[in-house]
Amino acid sequence: MQKKHKIELVLFDLDGTLIDTAPDFILSLNNVLKKHNKEQLDGNYIRSHVSDGSAKLTEIGFKLSIDDPKFLKHRNELLDEYKKNLTNKSNLFEGVFELIESLNSKNIPFGIVTNKPFKYAKPVVEHFKILNNSKVLICPDHLSAVKPNPEGILLACSKLNINPINCIYIGDHPKDIEAGKNAGTKTIGCEYGYSLLKKSNYDETPIVKNAIEIIPLIN
């Protein structure tokens, strides 16, 4: 059972939690597939894999294993195409604006811990002005291990001098919940994102269908 502690920091995953970046990944992957005369994929299918990263999208798009000689070339093509489309169609998820406004009104700082590389994450975050008050942005570039390893969450807490037990980590992937638990934070799962399954057992982690439902959980 998660013990009651006053929340002094809220940390978020990025893709699938704060921002719906799937439309730009769908556009980018299908653009690259089209370039190679490959069959384009259904957007909902791509969306379900966005939180698994560019390697997974390359795998499903080109039907290649990671050790295939062509894999790295196609992955880099996808990343180059995505960089052109970072904020073309991406949007805040419903309720995120109100959630961040609520945190600001309560003087509760927030930050972002993502598996998205810094060169992609930073411009995406900066594009959405409501997120410009984020106190920390932790990406794989800053770490030796990514989620579900807790290193990123612990680094964010350390930078802001917050005990992890007074922090909540919020994400849309089982690895997010695992990382939060490994770090000793409270956790909240976002069913509205890309990867959490309604029927899965996440112990006592609350699962929300809209970001606005997070507001009363932070106290």
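Modeller: The model is a predicted one, and its salt bridges come to a count of nine. Side chains of opposite charge can pair when their charged atoms come close.

Start with aspartate 20 and arginine 47, whose side chains meet in a salt bridge at 3.0 Å, N to O. Aspartate 20 belongs to strand β2 (residues 19–20) and arginine 47 to helix α2 (residues 43–47), so this pair ties together parts that lie 27 residues apart in sequence. The partners can also be described by their accessibility. Aspartate 20 has a relative accessibility of 15% and counts as buried, because buried means under 20%. Arginine 47, with a relative accessible area of 23%, is partly exposed.

Next come glutamate 126 and lysine 122, which form a salt bridge with their closest N and O atoms 2.6 Å apart. Both residues are in helix α6 (residues 118–127); because they are four residues apart there, about one helical turn separates them. Glutamate 126 counts as partly exposed at 43% relative accessibility. Lysine 122 counts as partly exposed as well, at 34%.

Lysine 147 is found in the loop between β5 (137–138) and α7 (151–159), while aspartate 176 is found in helix α8 (residues 174–183), so the pair ties together parts 29 residues apart in sequence. Lysine 147 and aspartate 176 are both buried. These two residues also belong to a network of salt bridges, in which Asp13, Lys147 and Asp176 are linked.

For the setting of these pairs, consider the nonpolar residues too. In soluble globular proteins, nonpolar side chains tend to be buried together. In this model the largest nonpolar core has 52 residues, and among those with the most contacts inside it are Val10, Phe12, Leu18 and Ile214. Helix α1 (residues 22–35) gives the most to this core, namely six residues. A second, separate core has 14 residues, including Val113, Ile138, Leu143 and Ile153. As one example of the contacts, isoleucine 214 touches Leu99, Ile170, Ile188, Cys190, Tyr192 and Val208, leaving out residues up to four places away in sequence.

Technical notes:
Residues numbered from 1 in each chain as written. Predicted model: local features only at pLDDT ≥ 70, side-chain atom pairs only at ≥ 80, totals over all residues. Heavy atoms only, no water. Core = buried A, V, L, I, M, F, W, Y, C linked by side-chain atoms within 4.5 Å. Buried < 20%, exposed > 50% of the residue type's maximum accessible area, 1.4 Å probe, protein only. Helix = DSSP H or I, 4+ residues; strand = E, 2+ residues; numbered from the N terminus. Contact = heavy atoms within 4.5 Å. Salt bridge = Lys/Arg side-chain N within 4 Å of Asp/Glu carboxyl O.
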